[in-house]
Amino acid sequence: MERTASCHCGKLVLTCTGDPAKVSLCHCFDCQRRTGSLFSVAAFFPRERVALPVAGAMAFKRPSASGRDVSFHFCPDCGSSLWWEPERLPHLIGVAAGAFADRDFPMPEQAVWAEQRHAWLDLPLPEHLRNPVKTAPATDRPT
Ligand SMILES: [Zn+2]
Ligand SMILES: [Zn+2]
């Protein structure tokens, strides 16, 4: 199965093959500020299954709670974040799940950073107060 994700204006397009390795929802304040929404949903795909735009994106890099940087790639024309690359997990690419504009996209299997969740949100997902992976040994789990 092939899926296409694009930014708001359509300048940046990427294609993913197969199902995501993991879909995770994040309530953290950084994701709230990045998206302008109250949470973000990341679909993590193995790098070799993602065809990224060859040019045109800009990147913003910041440290994550794990202490390793994450680079967020966004469209300079419309400002949408389309994908991100966690240095800690170089084999995975996180794609903004909303950028697929697909109601049937697989639902997240977990929510992280629930301690920063807006109080009224009540989602049918197992949640973690922070991100459980930062204390786990290096595995293929996402940031
Ligand atoms: Zn755009
Ligand atoms: Zn977050």
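A residue is classed as buried if 20 or more other C-beta atoms lie within 10 Å of its own, as exposed if 12 or fewer do, and as partly exposed in between, with C-beta atoms placed from the backbone. The structure is a predicted model, in which local features need pLDDT of at least 70 and side-chain atom pairs count only at pLDDT 80 or more, whereas totals for chains, interfaces and linings use all residues. Residues are numbered from 1 along each chain as its sequence is written, and chains are lettered from A and ligands numbered from 1 in the order in which they are written.

According to an unreviewed UniProt entry, the annotation "domain: CENP-V/GFA" covers residues 3-106; such annotations may be inferred rather than shown by experiment, and their positions follow the numbering used here, with feature names shortened. Over residues 3-106 the chain is 7% helix and 44% strand, and the end C-alpha atoms lie 12 Å apart. Helices (H or I, at least four residues) and strands (E, at least two) are DSSP runs numbered from the N terminus.

Ala 101 is located in the loop between strand S9 (92-96) and S10. Its phi is near 45 degrees, a positive value in a residue other than glycine. Ala 101 is exposed because 10 other C-beta atoms lie within 10 Å.

Trp 120 counts as exposed, since 6 C-beta neighbours are found inside 10 Å. The C-alpha atoms of Trp 120 and Ser 81, 39 residues apart along the chain, are separated by 25 Å.
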